[in-house]
Amino acid sequence: MTFCTIVNMLSEFDLIKKYFTRPTRSGSGVQLGVGDDCALIAPVADQSLAISTDMLVEGRHFLPDADPVSLGHKALAVNLSDLAAMGAKPLGFTLALALPDADEAWLDAFARGLFALADAEQIELIGGDTTRGPLNICITVLGTVSPHAALRRDGARAGDDIWVSGNLGDARLGLEILTNNLSLSDELMTIALQRLHQPSPRVALGQALRGIASAAIDVSDGLVGDLGHILQRSSVGATIEAACLPLGTALRSQGEQTQLEFALTGGDDYELCFCAAPVQKEKVMAAASKAGVTVTRIGKIEPMPGLNIVDAAGYKINLRSHPFDHFALS
C-alpha cells in the first residue's frame with residue numbers, strides 16, 4: 001500500500017520515508033508494511049480481524065491551532081478505543097492524511113505523537129495515502145480477537161450491571177475551555193485539556209473483559225448516546241444512577257447541573273461502558289486491576305426498552321442536552 005503524491009517541496013517518497021517508514025516489529029504478524037501496493041498480514045489461526053475507521057477533520061474534531069503531537073496521539077487513540085470496545089488485540093493501522101502543505105515541523109511533531117502511542121500499544125503502521133487539501137486525518141485500525149470472545153453491543157441482558165471505566169466529563173470541560181473561554185485554575189485546566197487532547201484508549205481493559213462482559217462500547221459521543229446503542233442492539237432498557245457517575249477531577253469544580261450534563265452527554269471521554277452479570281463483579285474488579293484502570297458500577301439493564309436516569313432518591317432526572325451527533329441541527 002503506497003502513499004499518493006502530495007505536491008510540495010517535500011516529495012511524496014521523501015515524506016513517507018522521513019516521517020512514516022519504520023522497520024516492522026518482529027512477531028507483529030505484519031509481513032509487509034509501508035512501501036508496496038498492499039500490506040501483507042499473516043492470518044492468525046482461530047482469530048477474527050477487527051477493523052474500524054475514524055476520521056478527524058479540522059474545524060469539526062479539532063481546532064486549527066491544535067498541537068500536532070497531541071493530534072497524532074488522539075488520531076490513533078480514538079481508533080484504538082474501538083478495538084478496546086471489542087476486546088481486540090491491536091495489529092496494524094493505515095493512515096490517510098490530507099495536508100494543506102507539507103510542513104516538516106508539523107509532520108515531525110505529528111509523527112512523534114502518533115508513533116509514541118503506536119509503540120506503547122505495539123501496533124504497526126502498514127500503509128495509507130496522502131493528498132493536498134484541508135487538514136483531515138483518517139485512520140483504519142486492525143486487530144485480532146476470537147469470534148467467540150469478542151465484546152459486542154448485542155449481548156446485554158436484563159439484570160446486568162452497567163459499568164464505566166475511568167471518569168467522565170473532563171474532556172467536554174476541556175472543549176468548553178477552548179471554545180467559550182471558561183476559566184479554571186492552571187492545574188484543573190491542564191487536566192481537562194489533557195483528557196480532551198490525549199485520551200487513553202482502554203485496550204488492556206477490553207482484552208481483560210473478554211469472557212466477563214456481556215456487551216461493551218467506547219464512550220466517544222457521550223455516555224447516554226453510546227449506551228443507547230447497546231440498548232438498541234440488545235433490545236433492552238437501562239437505569240443510570242446519577243449519584244454513582246465517576247466525575248472527572250476538573251469537572252467536580254463545576255455546578256451540579258454542569259457535572260450531570262457533561263458526564264452524561266459530553267463526548268471525547270473514550271472510556272469503556274460495558275455490561276456484566278452481577279455474579280461477575282469480582283471478575284470485573286480483577287480485570288480492571290489487571291489493566292490498571294478504575295471501573296465504577298453506574299446502573300443496571302432493564303427488561304423494557306428506554307433509558308431512565310435517577311437521582312439518589314430514585315427520582316427521574318431529565319437532561320437538557322443531548323449526545324453529540326455530526327448531522328444534528330445546531
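**Exercise 1. Two helices in contact**

Task: At roughly what angle do the axes of helix H4 (residues 170–180) and helix H5 (residues 186–197) cross? Classify the arrangement, then describe the contact.

Solution. Step 1: in this predicted model, the axes of H4 and H5 cross at roughly 105° and come within 7 Å.

Step 1: angles of 65 to 115 degrees count as roughly perpendicular, so H4 is roughly perpendicular to H5.

Step 2: on the H4 side, the contact is made by Asp 170, Ala 171, Leu 173, Gly 174, Leu 175, Ile 177 and Leu 178. H5 contributes Met 189, Ile 191, Ala 192, Leu 193, Arg 195, Leu 196 and His 197.

Step 3: sorted by kind, the residues of this contact are 10 nonpolar, 2 polar and 2 charged.

**Exercise 2. An open sheet**

Task: In what order do the 4 strands of the open sheet stand, and which strands are at the edges?

Solution. Step 1: the order is S3-S6-S4-S5, with mixed pairing.

Step 1: S3 (48–57) and S5 (124–132) each have a single partner strand, so they stand at the edges and one side of each has no neighbour in the sheet.

Step 2: with direction ignored, neighbouring strands here are turned by 15° against each other on average.

Step 3: take one pair inside the order. Strand S4 (residues 89–99) and strand S6 (residues 136–145) run antiparallel and are joined by 9 bridges. Leu 97 stands opposite Ile 137 in S6.

**Exercise 3. Helices across the sheet**

Task: Which strands does H2 lie across, and which does helix H3 (residues 104–120) lie across?

Solution. Step 1: H2 lies across S3, S4 and S6, and runs at about 35° to S6.

Step 1: H3 lies across S4, S5 and S6, and its angle to S4 is about 165°.

**Exercise 4. The whole chain**

Task: How many helices and strands does the protein chain have, and what percentage of its residues count as buried?

Solution. Step 1: the protein chain has 9 helices and 12 strands.

Step 1: of its 330 residues, 50% count as buried.

Step 2: the chain exposes about 15500 Å², of which carbon and sulfur atoms supply 52%.

Notes
Residues are numbered from 1 along each chain as its sequence is written. This is a predicted model: local features need pLDDT of at least 70, side-chain atom pairs count only at pLDDT 80 or more; totals for chains, interfaces and linings use all residues. Side-chain values use heavy atoms; hydrogens and water are left out. Buried means under 20% relative accessible area, exposed over 50%, partly exposed in between (1.4 Å probe, protein chains only). Accessible areas come from the Shrake-Rupley method with a 1.4 Å probe; for residues, only the protein chains shown count as cover. Axes are lines fitted to C-alpha atoms, for helices over the stretch in contact, and angles run from 0 to 180 degrees between N-to-C directions. Angles under 35 degrees count as roughly parallel, over 145 as roughly antiparallel, 65 to 115 as roughly perpendicular and the rest as oblique. Contact means heavy atoms within 4.5 Å. Ala, Val, Leu, Ile, Met, Phe, Trp, Tyr, Cys and Pro count as nonpolar, Asp, Glu, Lys and Arg as charged, and the others, Gly among them, as polar. Two strands pair if DSSP finds at least two bridges between them.
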